[in-house]
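Biologist: I am new to this one. Please take me through it, term by term.
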Amino acid sequence: MPKLDKGVKLPIPSLKPGDTRSRPIKTNRKIYDSKRWKVLRHLKLIDNPFCECKECEGLDTPADMVDHIIPINMGGDPFDKRNIQSMQSHPCHDAKSGREAHGKCERWTRNSNGLKIPLRNK
Ligand SMILES: [Zn+2]
């Protein structure tokens with residue numbers, strides 16, 4: 001009967017720090033409670049105190065939170081500066097979360113050739 005060498009550990013998926021693949025929703029709390037996130041969030045709001053959502057473009061809407069552009073649950077890196085944006089929680093972030101709750105950041109449609117293209121609401 002084959003046996004594993006002593007000291008050889010099988011890889012445990014999604015448990016290494018920084019590995020965010022297929023991380024369940026529950027563990028997001030650990031990210032938001034971490035000092036690393038709090039510092040990153042703080043610096044982001046100092047760096048850009050205004051809402052960065054499309055609707056607020058050109059307006060100086062004060063941001064009161066930091067949002068993940070690609071949600072953590074959808075594979076976004078929680079600690080990548082390129083994946084965060086300053087936002088106003090209401091109504092901007094609420095609207096984004098609503099879109100994400102339907103399983104997509106963008107709405108998609110198909111053009112006359114059957115190709116999948118982003119649906120623009122405006
Ligand atoms: Zn906004």
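Biologist: What makes α2 lie largely in the open?
Modeller: A residue is buried if 20 or more other C-beta atoms lie within 10 Å of its own, exposed if 12 or fewer, and partly exposed in between, with C-beta atoms placed from the backbone. Of the 13 residues of α2, zero are buried, so the helix lies largely in the open. This is a predicted model: local features need pLDDT of at least 70, side-chain atom pairs count only at pLDDT 80 or more, and totals for chains, interfaces and linings use all residues. Residues are numbered from 1 along each chain as its sequence is written.

Biologist: How do you know what span to expect of α2?
Modeller: Take 1.5 Å times one less than the number of residues. Helix α2, residues 35–47, reaches 18 Å from its first C-alpha to its last, close to the 18 Å expected. Helices (H or I, at least four residues) and strands (E, at least two) are DSSP runs, numbered from the N terminus.

Biologist: Why is M87 called buried?
Modeller: M87 has 26 other C-beta atoms within 10 Å, so it counts as buried. Its place is in strand β2, residues 84–87.

Biologist: What makes C51, C53, A63, M87 and C92 a nonpolar core?
Modeller: Such a core is a set of buried Ala, Val, Leu, Ile, Met, Phe, Trp, Tyr and Cys residues joined through C-beta atoms within 7 Å. These five residues form the largest one.

Biologist: How much of the chain counts as buried?
Modeller: Of its 122 residues, 10%.
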